[in-house]
Amino acid sequence: TAPGPRSYTTLRDEAVKLFNSLQQLESERDPVPLMQGVLQTCLDLPPLVDEIYCQLVKQTTEPPAPGGQGDLHYWQLLTCMSCTFLPSPPVLRFLRFHLDRTENRFPASEMAKYACFIREALGKTKGRECVPSLEEILVLMQRQEMICTVHCPGAPACSVAISSHTTAEEVAQELVSRLGLSQSPNLFALYEQSRRREQPVGSATLLADVLTRFE
């Protein structure tokens, strides 16, 4: 399930807790819930975003076992961070330098592939309403896209590949093209339906946030 309301202490105490979580991440057999917890804390306490970015850069610089499971867990969390939050400009410059350095030192490695993915994500990320769902984290760990199923009136359900940055408007436009409705004078939008309500999804809304709410 998605994280529920959480209570926090001081920023300093929460920073220490996050540091301990990162230490635990290295040996965690199932890192996804821990990653989501770190992301949720950063969403709730924005001043900690830069701290986590700096910690992850530190952990992925001169690791004991480059490309080992523990090292890749840090790169995977860094990937999730890059699709969720933008660091401050000074930290962003520091991060980009780290990504370039990694690609130069370990070309064609898994670390270099994550570094490339992260750089591209940072150019698209504008901020999230929700942290990535468990499914999205699993997909990001593999540097892949999610498959979203959209039910269309009078037509079969359509499967659409989306990233962490895909908006509702982009998906609506793709479906209009697939269904041959490009010349239609009608306006089209996506709707979010649950047991309690049905409501339109704003054109600029990220579909990944909608999926997290459903989780």
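This report describes selected helices, strands, residues and annotated spans of one predicted model.

Residues are numbered from 1 along each chain as its sequence is written, and side-chain values use heavy atoms, with hydrogens and water left out. Because the model is predicted, local features need pLDDT of at least 70 and side-chain atom pairs count only at pLDDT 80 or more, while totals for chains, interfaces and linings use all residues.

**Two packed helices**

Helices (H or I, at least four residues) and strands (E, at least two) are DSSP runs, numbered from the N terminus. Two packed helices are described by the angle between their axes and the distance between the axes. Helix α5 (residues 89–105) packs on helix α6 (residues 110–122) at an angle of about 145°, and their axes are 8 Å apart. Here axes are lines fitted to C-alpha atoms, for helices over the stretch in contact, and angles run from 0 to 180 degrees between N-to-C directions. The crossing of α5 over α6 is left-handed, a term for a near helix turned anticlockwise from the far one by less than a right angle.

On the α5 side, the residues that meet α6 are L92, L95, R96, L99, D100, T102 and E103. Their counterparts in α6 are M111, A112, A115, C116, I118, R119 and L122. By class, this contact of α5 with α6 has nine nonpolar, one polar and four charged residues. Ala, Val, Leu, Ile, Met, Phe, Trp, Tyr, Cys and Pro count as nonpolar, Asp, Glu, Lys and Arg as charged, and the others, Gly among them, as polar.

The loop between α5 and α6 holds A108. A108 has a positive phi of about 70°, although it is not a glycine.

**Strands and annotated spans**

Strand β1 (residues 146–150) pairs with β2 in the antiparallel sense over five bridges; two strands pair if DSSP finds at least two bridges between them. Strand β2 (residues 158–162) has C158, V160 and I162 on its covered face and S159 and A161 on its uncovered face.

An unreviewed UniProt entry places "domain: Ras-associating" at residues 144–215. The end C-alpha atoms of that span lie 19 Å apart, and the span is 26% helix and 22% strand. UniProt also gives "domain: FERM" (unreviewed entry) for residues 146–215. For residues 146–215, the end C-alpha atoms are 14 Å apart, with 27% helix and 23% strand. UniProt positions are given in the numbering used here, feature names are shortened, and annotations may be inferred rather than shown by experiment.

**Single residues**

Buried means under 20% relative accessible area, exposed over 50%, and partly exposed in between (1.4 Å probe, protein chains only).

| Residue | Relative accessible area | Class |
|---|---|---|
| Q59 | 17% | buried |
| S133 | 2% | buried |
| A108 | 72% | exposed |
| R143 | 22% | partly exposed |
| N20 | 43% | partly exposed |

Q59 is in helix α3 (residues 49–59). Leaving aside neighbours within four places in sequence, Q59 is in contact (heavy atoms within 4.5 Å) with F19, Q23, D71 and Y74. S133 lies in the loop between α6 and α7 (134–141). With neighbours within four places in sequence left aside, S133 is in contact with Q36, T212 and E215.

R143, in the loop between α7 and β1, has a positive phi of about 55° although it is not a glycine. N20 belongs to helix α1 (residues 11–25). The C-alpha atoms of N20 and P64 are separated by 18 Å, and these residues are 44 residues apart along the chain.
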